[in-house]
Amino acid sequence: MEDQAAAAVLAHIEDQPHACLERLEALAARGKLPIAARGAAWRLFLRAVDPQKPKSWRRALADDRSAYAKKRDDALRRLKRVVDGAETDEALEDTADQIRKDCERCYIDGAGDHFAEATRQKALFDALLTWHCTSGDYRQGMHEVLATIWWALERAQGAASLYCPAPSSPLHALLPSADDLEADAFSLFAKLAAVTRPIFDGFDGMTPSPHRRPPAVELCDDVQGRALAAVDEELHAHLERLEVLPQIYALSWLRTLFGRRYVADDVCVLWDALFVDTACLSSKMVDAASLLVVWDRSALLRLNAADDCVARLLRPPAAPAPRLLVGLLNEKTGRRLVDALRRRAALEDVLGPSVVGAVLGPPDRTASGLSEEEDDYVDAALATLCMSGGSNVGG
Amino acid sequence: MLLKVVILGDSGVGKTALLNQFVNNRFSTSYKATIGADFLTKEAFCGANARSVAIDETLVTLQIWDTAGQERFQSLGVGFYRGADVCILVYDITQPKSFENLDTWRIEFLTQASPSDTQNFPFVVIANKLDRENDRRVATQRAQTWCAKNSTSILPFFETSAKAATEVEAAFRKAAQLALSQGTMQADFIPETISFRGSPANGDSKSSCC
């Protein structure tokens, strides 16, 4: 199934790259990208290869892989000199320790103990150290982002096992290869890290002040400020009045690109949509995070102390199905979600939450009974959330 | 009464594990790295001084803030540390570097939290991972010397194991006790804690309905 779906989507990538990329983007934006096409799609979305020049792909990827091997050897050699005392670089030693510790405790929800395996841990460590030595400062959270990329590539490869384009074709080059997982994950990670820079940028050695705050904290402010106000003025005003600090709950959502809110396979669906048009990746992430706040609006509005709200946001109920979140992001408005949740809360006030839960199902299961082929997926999902018959809820 | 406790220390020393052992009496071998911050609350009976008898004990809610070791105050902001009643500094007995960094953590905390009485602000030092005694690289004596040097009175020091639940309860109790006596000594500290209201359980009142 999966490999056939991927084959259908990718069939004309070589002769009609532009049309095929548009098709991939459209599927990703609706949360419907086949797993087997994910590795190829991310390479195109993140511009690890030039989508318009299929003939350049094989060469570009081969160059990338050999460049990675060289950079990694340099980084490991440098670390060894530092550890052996031939060179002094305390900061590098500290960061290497940090990366090692994080890789040793890299537990991705939904991936079991996949990353507890020693060779995978070593590969993650090597790739992150290489990135740190060549591209920027390592920050916690990056380890889980890299591991999720790794997971997606492995899954795509497994799903595509029956799907074999001609070995000499550009498409063949684009599919994930078991032998190059580390280099390929590194390459995608480096592209992603470059476009998510504000999320990870820190302020090392600098005293925070009201006028100079890390970019990540400003993004967190946008989550609870601009983005939330745009869709849910009531909840925005509530959290602002209580003086809830958004960075306390939103930082880990953003730094893991929602890996702490979804299991691995689900977060990949969200990433598919986020990676379409990386120019607005940050703002899409902020919008997605604000929708996750909206998702729990009924409970949050009942809490009248900042600490209670923060406690709730730190241990939130299950998030909405990724396809619903992606669908709402695509519409660029979450107001319809607010309306649906208001209606659900009104039903709960009359019937009690347990009756509503029993009849309509838990909110996060809203999308589960709906067909994958459904075109008006968001309408249907919102309707089942609050037992509303019509679309255009709250028009 | 609500007391705000902040746990600081290098990445991987066991801050999250200590907190979980104290609050939930549980230990896991698979803690993820803390990103940003987290907090848990626990109610406890606690006396303001060591000699107090049961009848003097107050029911306190400890709101314990766990922080990412890499964060170093930059992302959480000054407001996050304001109103802290006590700070627990943690190092790992198998990692000398994490012990050496206690100075930095202490100074940064005082700078950011800016308590009214910097000299007497209560700290508790925890040396964690006692279950790995065979890999110990920081001698008890060395830590005790550090504690004596950094305090005008006594800086309480505990060697704990979050894994084996050794001395964890005692260390947190001591922290609570210091916070409580600090609060009673300094009236100007109390108002800041009033803004934190109760535990998550009491947010449900429906009195304003027409």
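Phe99(B), at 5% relative accessibility, counts as buried, because buried means under 20% relative accessible area, with exposed over 50% and partly exposed in between (1.4 Å probe, protein chains only). This is a predicted model, in which local features need pLDDT of at least 70, side-chain atom pairs count only at pLDDT 80 or more, and totals for chains, interfaces and linings use all residues. Residues are numbered from 1 along each chain as its sequence is written, chains are lettered from A, and side-chain values use heavy atoms, with hydrogens and water left out.

Over all chains, the structure holds 14 aromatic pairs, where rings of Phe, Tyr and Trp (its six-membered ring) pair if their centres lie within 6.5 Å, and planes under 30 degrees apart count as stacked, over 60 as edge-to-face and the rest as tilted. One of these is the tilted pair of Phe39(B) and Trp65(B), with 4.3 Å from centre to centre and 45° between the planes. This pair links distant parts of the chain, since Phe39(B) belongs to strand β2 (residues 37-46) of chain B and Trp65(B) to strand β3 (residues 58-67) of chain B, 26 residues apart; strands here are DSSP runs (E, at least two residues), numbered from the N terminus. Both Phe39(B) and Trp65(B) are buried.

Phe99(B) itself pairs with Tyr91(B), and because their ring centres are 5.0 Å apart and their planes stand at 65°, the pair is edge-to-face. Tyr91(B) has 0% relative accessibility and therefore counts as buried. Elsewhere in chain B, ring pairs join Tyr81(B), Phe109(B), Phe121(B) and Phe123(B) into a cluster.

How values were computed:
Helices (H or I, at least four residues) and strands (E, at least two) are DSSP runs, numbered from the N terminus.
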